[in-house]
Amino acid sequence: MVLPMIRFLNRSLVHRMTALILLGAGLVMLMVLGFSYFSQRNKILSSAMQQSDTLTQSAVFQIEMPLGRTEAVVQQTAIFLEKKEYACAESTELIRRTLERNQDIFGMAITFSEKYIGQSDFKMLYGWRGTEGIQVLDREPENIDYQQDWFYLPYYLQRPVWTEPYHDSDANTLMVTYSFPIVRSGEVIAVVTCDLSLKWLHKLLDTLPLGKGGMSILFSQRGTYISHPIRAYEMTETVFSMAESQADPEMSASLYQLGLDALGGQPGFQTFKHPIDNQTSFIHYRPVPATGWVLGLIQPQKQVLASLVRLNEISALIGIAGLALLLIPALGIAWSVTRPLQKLSVAANQLSSGNFDISLPVIHSRDEVARLTDAFEKMRCELRRYIADLTATTAAKERIAGELSAAREIQMSIVPKLFPPFPNSPDIDLYAILIPAREVGGDLYDFMMLDDEHLYLAIGDVSGKGVPASLLMAVGKTLLKSTMQSVRDPARALTQVNNELSEDNETCMFITMFCAILNVKTGALIYSNAGHNPPFLTRVSGKIERLDEPPGAALGAFQDVKYHNQSILMHTSDLLVLYTDGVTEAMNPSHEMFDETGLLEHIRLEGHLSAKLFLESLGRTVNSHASGAEQSDDITALAVRCRSVTAMSESTSQYTSSAGRKPDSILSIRNLLEEMSRVTNWIEEQGATLDLPQSLLMNLNLALEEWIVNVISYAHPDKSEHTIELRVWRNSNEIRLEIEDDGQTFDPTAMADVDTTLPIEHRKIGGLGIHFIRKTMDRFTYRREKGHNIVSIAKNITGNSDNTGS
Amino acid sequence: MSVHLNILKRTCYISLLSLFLLILLELSTAVGMAQSLEPVKLTLHWQHQSQFAGYYMALSKGFYAQEGLDVNIMRGGPDVRVGEMLKSGKTDFASFMLSSALEERAGGLPMVQLTQIVNRSNFLLAVWKNPAEGVSINELSDLNGRKITVWLQDFRAPYLALFASKNVQPVILPQYYTLSLFLHKGALACSVMRYNEYHTLRQSGLQDNDLKIFSLHDLGIHLPEDGIYCLDETWKQRPETCRKFVSASLKGWTYARDHEEETLKEVMKYVRKENLPTNRMHMNWMLHEILASIFPAKNDDWVFGKISRTTYDSVSKMLIQYGGLKTAPPFEDFVKDGAAND
């Protein structure tokens, strides 16, 4: 019952509001009803009490009246008899007249006691209302007369007595007798009696205005019912026999007590459970003083309160009718509130299905619903705008994502990814990884065999991210590669690339770049660093060297930056590790970087592995260090090792670093032009020793002269004495010279080529000499090593040597 | 129209004929029954009440009819002189108090006892505990010199025997049909029957703390009460009828004992018919008490329906001494038909 009700109420605001309004009104009504009931109840009860008490009094008074008259009659008669002897005739007349005058009195008797019979001329006079009128009879009293209470009691009590009521079969009515003893000198000589018919009693009691359900009872001083609504109880039952007949002992005891209280001689009032109908009833009782009878007026509480109950019922009916009427405005209010809400909910449903053009219901009031509608309207506009924004943003994001993936594709497509890269050269163990970040960082690496011996290596990092970075990376990578192919000199290549990039660099982006050439035969590594993280070289011994000669500026940042070559010798199985800051700056969630220490530790632990395994495990280590933190930059590393390198002694290493083996001849001169003759002599000497063609020798000589004069003239601004060392190598197909000085840094290879189209006076000094060297020699490289300029020139001595010098 | 009338007439004839036949049948049965049953009259020594419940039950349950008797139970009362009815042959059997029967016998009525129904005495003396301010009655001796009411003649005898045995000398006023003098406190004590007046007092609103009750039986005054009597002549001429009557009467009492509720209903029928001023609760009490004084309990020394010689002897002695009884017949002359319990 309750659950469906709750469900019903929950289903609609209309139901709930209406129910609440009705409930509220109903509660108020109940309170009013309750208050009026209880306040009126007491009033009604006390007034009923008053009324009932008054009624009892008046009824007792009415019962008392005939009794009183009877008593008076008897007493008067007795007084006469006491004083003088009445003769039969007089007494008969007295009785006749009394009966005539007092219609209530049925019969009257004067009876002499046994002892005094003979004192008068009659023994017993009895007058009564017979069928033929009043009759008076003089008769002999029988034994039984003296044994009856009407004689017996006054005789022995010697005082007037009302007998218990009795049923008189002659008159066929209830009768009660008042007996008055005539006492002379302490002895009862006669008894005067009057029989009072109680026919009027029922009439009197039955016409008492007791109201519905009310009843009167009259019982004798023995408790015997004289009058009772149930006539069969009269003269048979007593108030105590009624109590006795109750099955419930408690009820029995309380009724018994009620009887005792009522017979106590005092008027009273009690609430009790009526044995006949089991209703809670009120009884007012009051003794009839003459006879000791008790009159009780009983009214069921229900009856007393009936008017009140009726009033309350009417009130309740009116209330219910009122509630029913209230239902109409309540529903009206609820509907007026919820109708716009319903419209709003329809509109909201359409809104939710994406129809933002729906028009919201128009609310004319300024109440909460109107405010809600306003809010909805605002929400609708906001949503529309928001969705438009979102659409745009999403498109932009998609575009960005597209760009990013494009960038990634560019990045990944541009770096060599085929491993092992040189299947024909098993001695070269090379591997590289590039793990792009979500936003492409613009890392790059590159490698390529320039010839059988020389391996070009590069690793770089473009500043910035995304497509611009990847584009710059592509440009940088391509530029560097092509430059390296032509100049075969890291420092010069970087210088050229830098110039290319820094020119019109409006984006202000730059690239850090490490670039190197490794002679895979000799292990000589020539490298130049443009602002990139210094790589690590792991010796087989476990020693880790950091190639951290001061790096130059990043590519593209400044124009005309000079980069210098450094060189170092790698031995068999030494591992060169190139990396970008994506490795060392990889962060974990608590912002701790992997750092160089992490990298060094990894190298120490895993440096013995093959390049591939080493880098793969490095990738895992970095990843585990990040432990879920988002990768912010590309992680790029390149590792290379030569498995077989021609060994060279450590003592000559400083000279062999560029060529791999010790020179065939060395010449040291001072920085004096006079020393040039020694150079010429030494060359010719070498030409003879090494069996060089004359044309080549001449070109070499000229080239040397050009360069050494240049060095002597400009390298040492302090004008003090310095040594210039010349070294020569004769390989099977090449003659190579190195010129080393400790002068100020000067990279001739970085010099722009002489514009030979210009008139001679506009050309740069020294430019021609360098131009000459470039023209005649097959290779012309520069490196700076331990504060020394080392220029290397080489000439192939295979068939085409005749072409040189043209 | 005439057809309809004919049908109506015919229906009437048939109906009348059937009715006549039916009445004839009923009459013949009744006559037949009457012929087979011996008509017998029983007169009770007081008005109809539970005191005589056994006879009502013997009649209503057909115990008399089973014995071949058609019993007519007639009420007694102050206006009925049972002895005279017996003497004149207006009744065959009569119930008497033993003391009244002995008095009748001594008065010259040749009657004998057929059965002793009530063996335990129900005589009590009810005394106001506190009749007036400062007066309190707790012992019999407190009644010395005080007014009390006691029944007359043979009913007075046990009280006199009691007072004599306890050496108490109250002023004894006559007590007739009501307790009114006692109730008006014109007497401090009155004689009551346990099964009757005692309960009437209670139904008048008197409680245990109002009354002090002395039981004569408990105080050693044994006086068997109701019994069934008939003329010696009846006993001699129709002993079988007497025996049958007694047997059916005792059966009625036994039935009453076993069916108190049903018996009470039957009693109330008699009471209502006579329009007697009593009520059901009173009859209920009376039935209960009378049965208790008829059927011996474990500790009682009498036998149902019989009287012992010693009791008879002591009763006759007491009645002679205190009840003004002139003479008592020998036990064998007075007690017949197995009522004797030697």
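Okay, let's start with the middle of things: the largest nonpolar core here has 164 residues. By core I mean buried Ala, Val, Leu, Ile, Met, Phe, Trp, Tyr and Cys residues joined through C-beta atoms within 7 Å, where buried means 20 or more other C-beta atoms within 10 Å of a residue's own, with C-beta atoms placed from the backbone. Among those with the most contacts inside this core are Val192(A), Leu196(A) and Tyr229(B). Helix H2 of chain A, residues 13–83, gives the most to it, with 10 residues. Helices, by the way, are DSSP runs of H or I, at least four residues, numbered from the N terminus.

Quick caveat: this is a predicted model, so local features need pLDDT of at least 70 and side-chain atom pairs 80 or more, while totals for chains, interfaces and linings use all residues. Residues count from 1 along each chain as written, with chains lettered from A and ligands numbered from 1 in written order.

Back to Tyr229(B): its contacts (C-beta atoms within 7 Å, placed from the backbone) include Ala94(B), Phe96(B) and Met111(B), leaving out residues up to four places away in sequence.

Now, how do H2(A) and H6(A) pack? At about 165°, with axes 11 Å apart; axes are lines fitted to C-alpha atoms over the stretch in contact, and angles run from 0 to 180 degrees between N-to-C directions. So H2(A) and H6(A) are roughly antiparallel, the word for angles over 145 degrees. Ala59(A), Gln62(A) and Ile63(A) of H2(A) meet Leu201(A), Leu204(A) and Leu205(A) of H6(A).

Last, the chains: 20 residues from chain B contact 21 residues from chain A.

Notes
Contact = placed C-beta atoms within 7 Å. Buried ≥ 20, exposed ≤ 12 C-beta atoms within 10 Å, placed from the backbone. Helix = DSSP H or I, 4+ residues; strand = E, 2+ residues; numbered from the N terminus. Parallel < 35°, antiparallel > 145°, perpendicular 65-115°, else oblique.
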